[in-house]
Amino acid sequence: MDQPVPHTDIRADGWIGRLPPRLRPYALLARLDRPIGTWLLFLPGIWGILLPDHVPARQRLFLIVLFGIGSVVMRGAGCVVNDMWDRDIDRQVARTAGRPLASGALSMREAALFLAALLLVGFNILMNLNPLSQILGASSLILVGLYPLAKRVTWWPQLVMGFTFGFGAPLGYAAAADRVDAALCALYAATIVWQLGFDTIYGFQDMEDDARIGVRSTSRLMAGHARLFVGACYALTLLGLGVAGLLARTGAGFWYLLPLPAALLGWQVSRLDERDPAGCLRLFRFNRETGLAIALTLLAGLLTR
């Protein structure tokens, strides 16, 4: 069985190691070895589904299941696009050198065919949503395609990532409520700055390699001011959630539980050390629990309307 590659977050052991050798690179290309990315794409969708009122419980449950499947598929598609753009850069970064395209385990043609298959599955899932959601979902592909370019032209690729990965929030809201309104916009804004914060934490792992090869990132831009910047992002996240709750007229349970995600976000800031790559990876992964706490807060508000 393969062992994890040193100095990387790739996990080629576990159930990935039990796959047929021919399938293993595809699983790694779609990041199936690291489900945290799927969680961070899925959770904003749950937030959007739980925020609006007057949505039947059965419809919410159906949408949550559909978004769960879609998150696996579209996160995989996003990773394929990212690695197709970044294969030459990835070869020069210790954490990413073992990725299938960078290492040569898969060809560009094989990756393109895999991407087409994933997008076909995603298209079929999108067809199960309302027409408004179909339009929004199709437009999100522009962000998916442009995100890998951001690090080449701006110091804020993590912000572009926030717009891209956070798109599940407005999509979930539109799928549940069949409308676009101010509450949706506030929730999307909160999601963007949340993701900007935790992806900046993630980027601290590659500081030396990024500086050596000239890759721009919010992490490099904010070096020396990590806690201040991430703390500001997380404060804006809580502000956006509060505004979304007010606009959606959510119940008292939302306000009673909002201190829980606030405490989890604050704990991340207090433990952040940009010079500790392993610690930054742990804090990044902890955002699954933080996102679940926000979902629980929204659920409490829904149940106490």
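Let me start with the pairing of Arg-22 and Glu-110, which form a salt bridge whose closest N and O atoms are 2.5 Å apart, and please keep in mind throughout that we are looking at a predicted model. This pair connects distant parts of the chain, since Arg-22 sits in the loop between α1 and α2 while Glu-110 belongs to helix α6, residues 108-126, and the two are 88 residues apart. Arg-22 itself is partly exposed, with a relative accessible area of 47%.

Over the whole structure, the search finds eleven salt bridges, and I will mention a few others. Arg-31, Asp-83, Asp-90 and Arg-99 are joined in a network of such bridges.

Let me turn to helix packing. How do the axes of α7 and α8 cross? The axes of helix α7, residues 131-153, and helix α8, residues 157-165, come within 8 Å and cross at roughly 170°, and the two helices are therefore roughly antiparallel to each other. On the α7 side the contact is made by Leu-143, Val-144, Tyr-147, Ala-150 and Lys-151, and on the α8 side by Pro-157, Val-160, Met-161, Phe-163 and Thr-164.

Leaving aside residues up to four places away in sequence, Thr-218 touches Trp-155, Trp-156, Pro-157, Gln-158, Leu-159, Leu-196, Thr-200 and Phe-229.

Finally, the surface. Which residues make the nonpolar surface patch of about 340 Å²? They are Leu-236, Leu-239, Val-243 and Leu-247. Leu-247 lies in helix α13, residues 226-247, and is partly exposed, with a relative accessible area of 41%. Leu-239 also lies in helix α13, and at 53% relative accessibility Leu-239 counts as exposed. Although Leu-239 and Ala-186 are 53 residues apart in sequence, their C-alpha atoms are 9.0 Å apart in space.

How values were computed. Residues are numbered from 1 along each chain as its sequence is written. This is a predicted model: local features need pLDDT of at least 70, side-chain atom pairs count only at pLDDT 80 or more; totals for chains, interfaces and linings use all residues. Side-chain values use heavy atoms; hydrogens and water are left out. Patches are made of residues with over 30% relative accessible area and no salt bridge: like charges are joined within 9 Å, nonpolar side chains (Val, Leu, Ile, Met, Phe, Trp, Tyr) within 5 Å. Accessible areas come from the Shrake-Rupley method with a 1.4 Å probe; for residues, only the protein chains shown count as cover. A salt bridge is a side-chain nitrogen of Lys or Arg within 4 Å of a carboxyl oxygen of Asp or Glu. Helices (H or I, at least four residues) and strands (E, at least two) are DSSP runs, numbered from the N terminus. Buried means under 20% relative accessible area, exposed over 50%, partly exposed in between (1.4 Å probe, protein chains only). Axes are lines fitted to C-alpha atoms, for helices over the stretch in contact, and angles run from 0 to 180 degrees between N-to-C directions. Angles under 35 degrees count as roughly parallel, over 145 as roughly antiparallel, 65 to 115 as roughly perpendicular and the rest as oblique. Contact means heavy atoms within 4.5 Å.
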